[in-house]
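Hi,

Here is the structure I promised to pass on to you. Have a look at it first, and then read on for what turned up in it.

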Amino acid sequence: MKNLKNKFKQATDFRFGKAFVNISNCEDIFCINKKGEVLFKTKFDPFGFNHANQSIVRNKEFLHGVINRRGQIIIPCIYDYIYTELNGYTLEKNGINRKVNFEGKPIFQRQSKSNVIMFKTKRVSSLPYLPREKNGKWGIVPFLGEENEIVIPFEYDDCDNFYEYELARVQKNEKYGFINPKNEIVIPIEYDRIGDFGFKFGICLVEKGGRCGFIDKDNNFVIPLMYGASSNEFIEGIACVEVNREAETYYKYISTNGDDAF
């Protein structure tokens, strides 16, 4: 298999061990593994692999289809929109929807409507708390406590739950940081952005002054503020970061110690 240099015009996060990249002076889009080896190339614009190890793609006419993990067409690019469902896809064309499974075959059984929202939680904390909003401010209350019980006062513009290291991400005056269950500021509320996944893999994406880096739970920089603002978090142990050097901007993949992934 051909190996690509770790320098891309465009790049996606890794999902299921695969990512899509585009290199300069080439119209093809390459699907690579974590070693930078090319698995296949495609003319379509992909949106990343979903839980079925397939990718919704779009052609030059902005019509959507689906390819599998080998780049083979499962659903042709003839639809205005395609939405991923739990058991397949909803295909929309000219305002008409129809449901198919992940092999592209129609689902004929009647689908009952449900108000249940399916999601995967990232909670790793044993603390039974819940973020709540009151009079435009956010705080944290016990999950099954009395209505007037408060763990974290309603003083933040936004806040998350307690996850890794029992830390909760909070926002105040358009800046972000982390607090502990005693409402003590552990990570100063001074960052322009903090990664949605928190301290996944033990480090957390932060942005300050248009630069991104990664800190540990003690606010020490494991990877300094050296990457561009469009850098992403670590997914599957690899982060896609923006590199700005002189007049050149490109993307590359790094591992959690800051070294190039390949």
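The charged end of Lys7 sits over the ring of Tyr250, 5.0 Å from the ring centre (a charge sits over a ring if NZ of Lys or CZ of Arg is within 6 Å of the ring centre and within 35 degrees of the ring normal). Lys7 also forms a salt bridge with Glu248, with the closest N and O atoms 2.8 Å apart (a salt bridge is a side-chain nitrogen of Lys or Arg within 4 Å of a carboxyl oxygen of Asp or Glu). Helices (H or I, at least four residues) and strands (E, at least two) are DSSP runs, numbered from the N terminus. Lys7 is partly exposed at 31% relative accessibility, and Glu248 is partly exposed at 34% (buried means under 20% relative accessible area, exposed over 50%, partly exposed in between, with a 1.4 Å probe and protein chains only).

Before you go further, please keep in mind that this is a predicted model: local features need pLDDT of at least 70, side-chain atom pairs count only at pLDDT 80 or more, and totals for chains, interfaces and linings use all residues. Residues are numbered from 1 along each chain as its sequence is written, and side-chain values use heavy atoms, with hydrogens and water left out.

Now for the other salt bridges. A search of the whole structure finds 14 of them. One of these joins Lys34 to Glu236, with 3.5 Å between the closest N and O atoms. This pair links distant parts of the chain: Lys34 is in the loop between S3 and S4, and Glu236 is in the loop between strand S23 (234-235) and strand S24 (238-245), 202 residues apart. Lys34 is partly exposed at 33% relative accessibility, and so is Glu236 at 28%. Asp196 and Arg169 meet in a salt bridge as well, at 3.1 Å from N to O. Here Asp196 is partly exposed at 48%, whereas Arg169 is buried at 18%. There is also a network of salt bridges that links Asp28, Lys41 and Lys43.

Phe20 and Phe49 are stacked, because their ring centres are 5.2 Å apart and their planes stand at 15°. Phe20 belongs to strand S2 (residues 19-22) and Phe49 to strand S5 (residues 45-49), 29 residues apart. Phe20 is buried at 2% relative accessible area, and Phe49 is buried at 7%. Tyr129 and Phe162 make an edge-to-face pair, 5.6 Å centre to centre with 65° between the planes. Phe162 is buried at 0%, and Tyr129 is buried at 17%. Phe8, Phe14, Tyr253 and Phe262 form one aromatic cluster.

On to the sheets. Strands S1-S2-S3-S4, in that order, form an open antiparallel sheet (two strands pair if DSSP finds at least two bridges between them). Strand S1 (10-11) and strand S4 (38-42) stand at its edges, each with a single partner strand. Within this sheet, S2 and strand S3 (residues 29-32) pair over 3 bridges, and Ala19 stands opposite Ile32 in S3. Another open antiparallel sheet has 3 strands in the order S12-S13-S14. Its edge strands are S12 (129-134) and S14 (152-156). S10 (residues 89-93) and S11 (residues 96-100) pair in the antiparallel sense over 5 bridges, and in their hairpin Asn94 takes a positive phi near 55°.

Last, the cysteines: the structure holds 0 disulfides (a disulfide is a pair of cysteine sulfur atoms within 2.5 Å). The sulfur of Cys31 is 14 Å from the closest cysteine sulfur, in Cys240, too far for a bond. Cys31 is buried, at 0% relative accessible area.

Best wishes

Notes
Phe/Tyr/Trp six-rings, centres within 6.5 Å; stacked < 30°, edge-to-face > 60°.
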